[in-house]
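Biologist: I am new to this structure. Could you take me through it step by step?

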Amino acid sequence: MTGESGAGRYLGVVVGGSMSRGVDVRLSPDCPVEEVAMGQHVVIQGQSRRFFGVVTDISLEWSDDSVRANPPDTSNPLIAGVAAGTAAYASLRVLPMLAIAGELAALEGPAPARTVPPHFAPVRLASEEDVQVVFGAEDNRHFWVGSPLDMETRVCLDLDEFVKRSNGVFGKSGTGKSFLTRLLLAGILQKSAAVNLVFDMESEYGWMGTSEGTGMVKGIKQLFPSRVAVFSLDDEHSRRRGVSPDYLLRVGYNQIEPEDIELLRENLGLSEVAADAAYSLARHFGQERWVKRFLELEGHEMRDVASELNVNERAMSTLHNRLGRFRRYGFITERESDESVEEILRYLDRGNHVVLEFGRYRHELSAYMLVANLLTRRIHARYVRRKEEAMGDAAREPRPLVITIEEAHRFLSREVASQTTFGNIAREMRKYNVTLLVVDQRPSGIDEEVMSQLGTKLVCLLDNERDVEAVTAGTHGARDLRSVLSKLDSKQQALMFGHAVPMPVVLRVRDYGTAESYRELGFLEASEMRRQMERDADDLFGGRE
Amino acid sequence: MVVEDTPRVGEVVESGSTAFVAQSYRLYGAPPLGVLVRTGGPCPAYAVVHDVATRGIDPSRRPLPRGKSEAAEQDVYDNNPQLEHLLRTEFRSVIVGHVDDGETRYRLPPSPPPIYAFVYACPAAEVAAFTSSADSLRLLAGSGVAAAEEVVSAFLRHAMAAHGDPTAYLAGAGRQLAVLFPRDFRTVESILLRAAQ
């Protein structure tokens, strides 16, 4: 019973279930239970439509209670063979996700399933064609991210939809978050879906990155040299790695605002009173100069200011002390300028992607957070202004921008999400053409409201229960997704669900790091590049024969 | 699949919709327990032998012992040739299908085999053809005859011998039995173990 050609393996028939729980499928005795895996896609042929679902549970059942108490003599292969699939059988729980009605509707794509297949509808593993109908073929907006487990079909992500909302890449450390993020960045670049601004904490996206297992892999600057600019906070570190940054980023004291201090409160070990003092100081000295002036204060001057502003003296001295750390940051200059923000915007406006490397400051979370928050605030403000100025004229609108941040829970925790620019961006979706790509290993630390606004989530293995809960909260079939999540492999596997994909899918993430994978992403080796240029020249000026 | 020129073993002497009794042509010449037989007639019935009995032709007179002075049992028969006519062997068979218009049907025949219908022991090819369907065990397993487990396992033993891959046949038959006895895997197991011995 394998059905028409091209169909997947026959699994069994629907024997019960419900819309909310999913349908129960009695596995055919011919199909070994070990061949069916959690998260696999199946097609259920109903009377008037085809359902596309995902295996969310596999259970072992029996029709004869005595088998449980006195198992048959399975050392006898005959008895074992007969018992398997008859008195003892397997049952699958399948969650119908999509329905494809008739043949014509297949052209319009599948719609969310709102009905269930009838009793005894045959169930098969999804074939390559089925998966393609659901996830779309690779084209100029669909980017191939990986394949379903046990299949070679390409699962594509609709990048135009993807960048319309903020998205998240989650997973505990060492499960391939950076790998996946690098791939998504390369995809956004390849399809020109948006421009990227990457706050690259560990210097692994722009130039060489490390990948567990395969060693060094190329960064997006190497794949798309003319379209990616590497900005650096630490010239020396970049040069040591053999990278010459396109721009050396500097931050002026004038750019630091009390809001940044509020965000860094926990990191700097400041009390609420001390963090609030920053607002008073900014009012007192003026927004542009407060940090510089405050750091210049001597002991007695500080006492005077404290009493003038009615701020606890100890709190102020702690603040003074902690902000003193900024002096160690070589990238903070005394000069008052907005030049770095301008430079980033210039690159982004030209359609270039910007990766900001932190160099030796990568271990300084405060430096990372300070710079990311401060730049994002300013860039976001500019985008808001320009978008409002464009007043619906699409041609004048700024290019869609995707900002990638790591350790996102620090920027988006319950305490600070309501105040930071990142929180605003996550909540307002693409209203101002800016969205986030948050990369994090502790999604439970991220504000629930922000989590619920994330459009598409790509989740590698997570084993902390609270993290798993946070990631799946509010999603249809959350309980089933949770069980799928906890069974992921720790390497190159991810669960992808949300806005830009028609249904949740467990992926074997596509390769990144081999010569072939680079070529598929559009990278040309030097020799190929030369040939390509010669061809282009021939096309332009006529052949030379 | 009816195979012509098969050995004839007896004639129907008592007939019903679900079973018939046939008398063997030879004393002790009945087909063994569990063998598939077929009747003649307009609507040939397939049946499985489930009870073989030998007794005197007059039910009111029980045979008397005759071998007190004989050295071996066979001498009793050799020295009393009339016994062949005073005793008879009958076999009861439960109907498991019939032939309709040349096709094998795994259900009861519309009318029972007539009295005096010939009974043939099916050759291996016919047994193999009959038992190749997943339905071939249904009527037998549901017949409720005495010592049904024994009869089924004897039937399987004969059927196995007719198939090219006896193990595969037995496994397939086992799965059919598991469906026919859904809450009683012990019975299935014991039938299979006996059939495989």
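Biologist: Among contacts in chain B between residues at least 6 apart in sequence, what percentage join residues at least 24 apart?

Modeller: The share is 71%. Two residues are in contact if their C-beta atoms, placed from the backbone, lie within 7 Å. Please note that this is a predicted model: local features need pLDDT of at least 70, side-chain atom pairs count only at pLDDT 80 or more, and totals for chains, interfaces and linings use all residues. Residues are numbered from 1 along each chain as its sequence is written, while chains are lettered from A and ligands numbered from 1 in the order in which they are written.

Biologist: How many helices and strands are in chain B?

Modeller: Chain B has seven helices and seven strands. Helices (H or I, at least four residues) and strands (E, at least two) are DSSP runs, numbered from the N terminus. Along the sequence the pattern is β-β-β-β-α-α-β-β-β-α-α-α-α-α. The radius of gyration of chain B, taken over C-alpha atoms, is 18 Å, close to the 16 Å that the globule rule gives for 197 residues, so chain B is as compact as a globular protein of that length. That rule is 2.2 Å times the number of residues to the power 0.38.

Biologist: What percentage of chain B is buried?

Modeller: Buried residues account for 34% of the 197 residues in chain B. A residue is buried if 20 or more other C-beta atoms lie within 10 Å of its own, with C-beta atoms placed from the backbone.

Biologist: Where does chain B touch chain A?

Modeller: In chain B, 16 residues are in contact with 13 residues of chain A. The elements giving two or more residues to that side of chain B are helix 6 (166–180) and helix 7 (185–196). Helix 6 of chain B gives the most, with seven residues.

Biologist: Turning to chain A, why is strand 11 described as largely enclosed?

Modeller: Six of the six residues of strand 11 (residues 195–200) of chain A are buried, so the strand is largely enclosed by the rest of the structure. Val195(A), Leu197(A) and Phe199(A) point one way, and Asn196(A), Val198(A) and Asp200(A) the other way.

Biologist: Which strands does strand 11 of chain A pair with?

Modeller: Strand 11 of chain A pairs in the parallel sense with strand 19 (residues 401–406) over four bridges, and with strand 18 (residues 353–357), also parallel, over four bridges. Two strands pair if DSSP finds at least two bridges between them. Leu197(A) has Ile403(A) as its bridge partner in strand 19, and Val198(A) has Val355(A) in strand 18.

Notes
Buried ≥ 20, exposed ≤ 12 C-beta atoms within 10 Å, placed from the backbone.
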